[in-house]
Amino acid sequence: MHGKLIKATLLNKYGLPQFTNIIQAMKIGDLRLFKKALQEHERYFISKGIYLIVERLQAMIYRKLFHRTFIILNRNPKLPLSAFKIALDFVGENLSIEEIECITAGLIDQVFFIFLKEFCIDFLFLILFLI
């Protein structure tokens, strides 16, 4: 995750305290906090039509949690899925190895498609520039 997240003071200034725990969960990769905040403010998110968008942030939280696991385990590029299972068990997510494999595959897939999309956009600008 690149970029900066909004500070709690700014959220409170504009009357958006519903996002405080969501942002905090994204910073530290805390699935428990994220799910609690999502459930606590579910009606608000649905009324504003952003529930599904906020729910998709869960992928970023998985990514942050897995990245922290990677750092803790000395940045070993060949981590077993069992390491991620231990991390998920620690935060209260009891998932099977198959489910964790699907999550990691999804994260890899999302990164690939982001790269591909950026490549295609750059390629289209190059073509338009050459015409």
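Mentor: Keep in mind that this is a predicted model. Helix H2 (residues 20-28) and helix H3 (residues 31-40) pack with their axes 8 Å apart, at an angle of about 160°.

Trainee: How are H2 and H3 oriented to each other?

Mentor: The angle between H2 and H3 is about 160°, and angles over 145 degrees count as roughly antiparallel. H2 passes H3 in a left-handed crossing, and the two helices are therefore, relative to each other, roughly antiparallel.

Trainee: Which residues in H3 are met by residues in H2, and how many residues of each class does the contact have?

Mentor: From H2 come Asn21, Ile22, Gln24 and Ala25, and they meet Leu33, Phe34, Ala37 and Leu38 in H3. By class, the contact of H2 with H3 has six nonpolar, two polar and no charged residues.

Trainee: At what angle do H2 and H6 pack, and into which classes do the residues of their contact divide?

Mentor: The axes of H2 and H6 are 7 Å apart, and the packing angle is about 35°. Ala25, Met26, Lys27 and Ile28 of H2 make the contact with Met60, Ile61, Lys64 and Arg68 of H6. These residues divide into five nonpolar, no polar and three charged.

Trainee: Which residues lie nearest the centre of the second largest pocket?

Mentor: The second largest pocket has a volume of about 300 Å³, and its lining residues divide into nine nonpolar, two polar and two charged. Of the 13 residues that line this pocket, those nearest its centre are Leu65, Thr69, Ile72, Ala87 and Phe90.

Definitions and conventions. Residues numbered from 1 in each chain as written. Predicted model: local features only at pLDDT ≥ 70, side-chain atom pairs only at ≥ 80, totals over all residues. Heavy atoms only, no water. 1 Å grid on protein atoms, 1.4 Å probe; cavity = no way out; pocket = protein on both sides within 12 Å on 5 of 7 lines; lining within 4 Å. Points joined across faces, edges and corners; volume = space filled by probe spheres on them. Nonpolar A, V, L, I, M, F, W, Y, C, P; charged D, E, K, R; others polar. Axes fitted to C-alpha atoms, helices over the stretch in contact; angles between N-to-C directions. Helix = DSSP H or I, 4+ residues; strand = E, 2+ residues; numbered from the N terminus. Parallel < 35°, antiparallel > 145°, perpendicular 65-115°, else oblique. Left-handed = near helix turned anticlockwise from the far one by under 90°. Contact = heavy atoms within 4.5 Å.
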